[in-house]
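Please find below a colleague's note on the structure shown here. It takes the fold, the core and the ligand shell in turn.

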Amino acid sequence: MSATEAPSERPPSATRLSLSHITAQNETNLLGTVHGGVVMTLVDSVAGVVAARHSGGAAVTASMDEMVFVVPVRVGDVVHFTAQVNWTGRSSMEIGVRITADRWDAVGPQVHVATAYLVFVAVDSDGKPRPVPRIVPETDEDRRRMREAEIRRSHRLARREAIKASRQDPK
Ligand SMILES: CC(C)(COP(=O)(O)OP(=O)(O)OC[C@H]1O[C@@H](n2cnc3c(N)ncnc32)[C@H](O)[C@@H]1OP(=O)(O)O)[C@@H](O)C(=O)NCCC(=O)NCCS
């Protein structure tokens, strides 16, 4: 579907995406566990697909919030990435990605590896921001995610303004 055919609103479920990846020997850091950059690349890729599908066209990564790795991923583990649109502005979208893992050598509950929040901006063929369909939450969980995304956005904007002000008036 082209950007001009995109509807004016969509629920998160319309573009939610899950990707699973079996980690390999060539993805390790010096400690022998999986390199954080490998996980971050997949996070950005999965979130990018969700942003492109929601907005019906190209979207670029504008920012990625702090990402905390709770436990290491081991070689052979099956890592799952689940991503959805949490919030939309005029041209920007917050995509949340939850990362879990199944240990390669054990049957047990999935391990929570990390959670990431990224802002994507939908762009036209000149790379200029273009409007995105409004996200319409369907469930209590969607509504919680939207509320929390609004908190993160207001903190991002406040931080940006505070840094700008401190540069203009350094003490
Ligand atoms: C993201 C980008 C398109 C924004 O362009 P811009 O001219 O600064 O856009 P504007 O100031 O008009 O803002 C457009 C939207 O982006 C959001 N935005 C811009 N910079 C942002 C940032 N650092 N973090 C979060 N949101 C941001 C704005 O809040 C606004 O959202 P809204 O339309 O929903 O209100 C532009 O900065 C860009 O192309 N960046 C490079 C992206 C890229 O190459 N990513 C891959 C990195 S390898």
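The numbered points below describe the predicted model.

1. Basis. The model is predicted: local features need pLDDT of at least 70, side-chain atom pairs count only at pLDDT 80 or more, and totals for chains, interfaces and linings use all residues. Residues are numbered from 1 along each chain as its sequence is written.

2. Fold. The protein chain has two helices and eight strands, in the order β-β-α-β-β-β-β-β-β-α from the N terminus. These elements are DSSP runs numbered from the N terminus (helices: H or I, at least four residues; strands: E, at least two).

3. Core. The largest nonpolar core has 31 residues, of which Val43, Ala47, Ile95, Val97, Ile99 and Phe120 touch the most other members. Such a core is a set of buried Ala, Val, Leu, Ile, Met, Phe, Trp, Tyr and Cys residues joined through C-beta atoms within 7 Å, where buried means 20 or more other C-beta atoms within 10 Å of a residue's own, with C-beta atoms placed from the backbone. The largest share of this core, nine residues, comes from β7.

4. Ligand shell. Around the ligand are 14 residues, and Ser63, Gly89, Arg90, Ser91 and Ser92 come nearest; a residue is near a molecule if its C-beta atom, placed from the backbone, lies within 6 Å of it. The largest share of the shell, four residues, comes from β3. Both β3 (59–64) and β7 (111–122) supply at least two residues each.

Methods:
A residue is buried if 20 or more other C-beta atoms lie within 10 Å of its own, exposed if 12 or fewer, and partly exposed in between; C-beta atoms are placed from the backbone.
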